[in-house]
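Subject: Structure for you to look at

Hello,

Here is the structure I promised to pass on. Please open it first, then read the notes below with it on screen.

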Amino acid sequence: MRLYSGRQTAGIVVLICSVVFIVLFAFEKAGFSFNSVFSGSAEQKQVSNEMEAAPSPEGEPVSPVTDTPPAEFSGEPWVVETVSGDVSYTQDELQSISVYENANEAVVNITTETVGINWFLEPVPQEGGSGSGSIIDERGYIVTNRHVISDAVRINVSLSDGTHYEASVVGVDSENDIAVIKFDPPSGVKLKTIPFGDSTSLKVGQKVLAIGNPFGLDRTLTTGIVSALGRPIKTESNTIIKDMIQTDTAINPGNSGGPLLDTRGRMVGINTMIYSTSGSSAGIGFAIPVNTAKRVVSELIRYGQVRRGSIDAELVQLNSSIARYANLPVDKGLLVSRVGEGSNAEKAGLKGGATAVRYGSRRNATVFYLGGDIITSIDGQKTNSLADYYSALEAKKPGESVSLEVLRGDREIKMDVILAERSSQN
């Protein structure tokens, strides 16, 4: 056993007292009261006495916890309703619950099969992509994105009750990334459908909900708001979809083709793509406005394709290389290479080129003609690229007239052209 001198003992006592003082000072600074711990405050004693003096009729102790919010937070967000038993929900929660319960059965999970090549260069079936879709008609019509069923040789749809059906393609529209497919429900089965809303009445800040199958998780609900409206977004097919809805509603792979809903359960958009650096939702998603979908779906069901108008001429997108080579006054616009003989474009006075040139590499060279008009706008919309051209005519039908602004040499000319029917869909 080690012995300590008197001086050492005094030093130890001083050290211990200093440590105790520092600890007590720290607790005091943190707002910790030893009195309240051991004796309780006057308010705590009063509450305790009141609880002991007021037992419940059954003899059970009364809980001080209630569902009543503080007075300063009273208002609509705190409105609660009892749905079943003792479970209460806010008005906002009831709204989301109602939308989901009414719409989720009309959302389907879509999976596809494609054809691949094995090591022996033989075609073999393989798993394709997956996505979502909305049943819009009791006969089994489903609207989804075109890219969800792209290259599919077999399309399977799974309903909320777990049943599976094979679907066929009714029609696709690459310019708006919309497709309509159909399956045949059994006789006597009444399908749940999602009604179309009106995307023109949307407001930034409005609450919206998405139902889909992200990462294969069936009928997942996410909520958010409309973040922006009127976004022009370029698709994989190099076309521009106008007036896209931007939302912070979580949209992930597998949500594509599913509905974007308003708080009344009406479809206001088709969830289509996300902006992300990781491949997962980053709070920036885009949906095709339902008013575009209504017009396209109607044509797909009726004709199997969307009938669109076209200027009957061969057009070349200008760039700086062509502009320098041909000594053109602009490097953006659509150069009219050739005009269809006897076409509406020729009758309107549109001029094509006369000097043939070969552009590109030897293997992939294209031939077009210089010297023709340069289309700079259609109905007031700038046409700097072919994507702009398709966007300007996306809603135009054969037989409709459009106003062109063209550059002929150093002169600007305006003319009206009656559209022909586009020969093929992109």
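A strand, as the word is used here, is a DSSP run of E with at least two residues, and strands are numbered from the N terminus. Lys234 is in one of these, strand β10. Please keep in mind that this is a predicted model.

First, the protein as a whole. It has 426 residues, and 37% of them count as buried. Its secondary structure consists of eight helices and 24 strands. The exposed surface comes to about 24,700 Å², with 52% of it supplied by carbon and sulfur atoms. Among contacts with a separation of 6 or more, 57% are between residues 24 or more positions apart.

Next, the barrel that includes β10. Six strands close up in the order β9-β10-β11-β14-β13-β12, and their pairing is antiparallel. On average, neighbouring strands of this sheet are turned by 50° against each other, direction ignored. Helix α4, residues 91–103, packs on the sheet and touches β9 (207–212), β10 (220–234) and β12 (259–261). The direction of α4 makes about 35° with that of β9.

Strand β13 (residues 267–274) and strand β14 (residues 285–289) run antiparallel and are joined by five bridges. Met273 stands opposite Phe286 in β14.

Back to Lys234. Which residues does Lys234 contact, leaving aside its neighbours within four places in sequence? They are Thr239, Ile240 and Ala387. Lys234 and Ala387 are 153 residues apart along the chain, yet their C-alpha atoms are separated by 8.0 Å.

There is also a closed barrel of six strands that runs β3-β4-β5-β8-β7-β6, with antiparallel pairing.

Which strand pairs with β3 (residues 107–117) over five bridges, in the antiparallel sense? That strand is β6, residues 154–158. Within this pairing, Glu113 has Arg154 in β6 as its bridge partner.

Regards

Technical notes
Residues numbered from 1 in each chain as written. Predicted model: local features only at pLDDT ≥ 70, side-chain atom pairs only at ≥ 80, totals over all residues. Heavy atoms only, no water. Helix = DSSP H or I, 4+ residues; strand = E, 2+ residues; numbered from the N terminus. Buried < 20%, exposed > 50% of the residue type's maximum accessible area, 1.4 Å probe, protein only. Contact = heavy atoms within 4.5 Å. Areas by Shrake-Rupley, 256 points an atom, 1.4 Å probe, with all protein chains shown as cover. Pairing = 2+ DSSP bridges. Axes fitted to C-alpha atoms, helices over the stretch in contact; angles between N-to-C directions.
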